[in-house]
Amino acid sequence: MSFDDWILALHLLSAFAYVAGMIVFWVLIVAVRRTDTPDGTIRMAPVVKVGTIGTAVGAVGTIVFGLWLTFSVGGYRIWDFWIIAALVLWAIAGWLGGRTGKAYMEGMTKAQELDAAGQTGPNAELLALNRTQNGLLLHTASSIALLLLLIDMIWKPGA
Amino acid sequence: MTSLLAMPRPDSWNFPLFIHVLGAMILVGGTLTTASALIFARGDVRLLRIGYWSLLLVGLPGYLLMRIGAQWIYSKEGLEDAPIEEAWTGIGFAVADAGALLLLIALILGGIGVRRLSSGKGTGLLKGTMVISVLLLAAYVVAIWAMSAKPA
């Protein structure tokens, strides 16, 4: 196995970590839509952390190892259409993902405030924050960008 | 080897490969959700349920997509009747087939466990599902490495 083979494996493992993190968030988004208590919301925090680590490690790994492969592997050029498309989609997915995180953290922050104030019962405002339509749309858009990125990586248009 | 990395494949292989990879990614995501929800549940019924249903509704469909895509691309390459000679193919099939059995056991254990949660029992069975999920995740990492690096 060559060094580039290892880099390719790390690139793909990063891609899997990225998508796995996104799926963790999808499950949490569905689960949190029925959560109206501070305790129920806060209990999801460790799983949120798993999703965050997956997407962060995955996003950094895909771009670092992907760029390495672009410059190292014969036949690939940074200005190839599919590589430029991949870079643009990666940036869009990351930007949307960051905004999704901010949208859903409003619910978590509210839950922590309620918990600190000793309010443990159901809260309509918390439920509304957990059901953020903006967050749902942003995560959907981010997932579509990642799906297009996978399609781009497999079909390699213009290669 | 470098030239092999850049080697184009026939266009007709792309869609089965896409199904295979997408399914595998969904499978890994579902299994990761299950493992983390069950690990951090610490008796919390809601997280235990989230963990189990993630495996059933995300992990299992992901597995089916991955396995269908794998068989499809294998037949496209004309390898169905050939003996498995490459190590990476062997690892892939071993993880997929043994993984299917483990996934099934995890789903059965978890299913019984989730049913018993309403009577205050079942957490032990769901711990079994958690352990299997962690084992599956480790096996998937090896399979992804083998599928991508393709060791001889």
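Mentor: Let's start with a definition: a salt bridge is a side-chain nitrogen of Lys or Arg within 4 Å of a carboxyl oxygen of Asp or Glu. This is a predicted model, where local features need pLDDT of at least 70, side-chain atom pairs count only at pLDDT 80 or more, and totals for chains, interfaces and linings use all residues. Residues are numbered from 1 along each chain as its sequence is written, chains are lettered from A and ligands numbered from 1 in the order in which they are written, and side-chain values use heavy atoms, with hydrogens and water left out.

Trainee: What makes A:K110 and A:E125 a salt bridge?

Mentor: Their side chains come to 3.2 Å, N to O, and the rule asks for within 4 Å, so the pair qualifies. A:K110 sits in helix α4 (residues 81-116) of chain A and A:E125 in helix α5 (residues 124-130) of chain A, so the pair ties together parts that are 15 residues apart in sequence. Helices here are DSSP runs (H or I, at least four residues), numbered from the N terminus.

Trainee: Why is A:K110 called buried?

Mentor: Buried means under 20% relative accessible area, exposed over 50%, and partly exposed in between (1.4 Å probe, protein chains only). A:K110 has 16% relative accessibility, so it counts as buried. A:E125, at 48%, counts as partly exposed.

Trainee: Which salt bridge has B:R67 in it?

Mentor: B:R67 meets B:D97 at 3.4 Å, N to O. That pair links distant parts of the chain, with B:R67 in helix α3 of chain B and B:D97 in helix α4 (residues 87-117) of chain B, 30 residues apart. B:R67 is buried because its relative accessibility is 18%, while B:D97 is partly exposed at 42%.

Trainee: What makes A:D39, A:R43 and B:D44 one network?

Mentor: Salt bridges that share partners join them. A:R43 pairs with A:D39, the closest N and O atoms being 3.4 Å apart, and the side chains of A:R43 and B:D44 also meet at 3.4 Å, N to O. A:R43 is partly exposed at 31% relative accessibility, and so is A:D39 at 43%. Over all chains the count comes to 4 salt bridges.

Trainee: How many of them cross the interface of chain B and chain A?

Mentor: The rule finds 1 there. The side of chain B that touches chain A draws at least two residues from each of α1 (2-6), α2, α3 and α5 (123-149) of chain B. α2(B) gives the largest share, 18 residues.

Trainee: How do you know how far the two chains touch?

Mentor: Contact means heavy atoms within 4.5 Å, and 35 residues of chain B are in contact with 38 residues of chain A. The buried area, meaning the accessible area (1.4 Å probe) lost on being put together and summed over both parts, is about 3200 Å², with carbon and sulfur atoms giving 79%.

Conventions
Buried area = accessible area lost by both parts, 1.4 Å probe.
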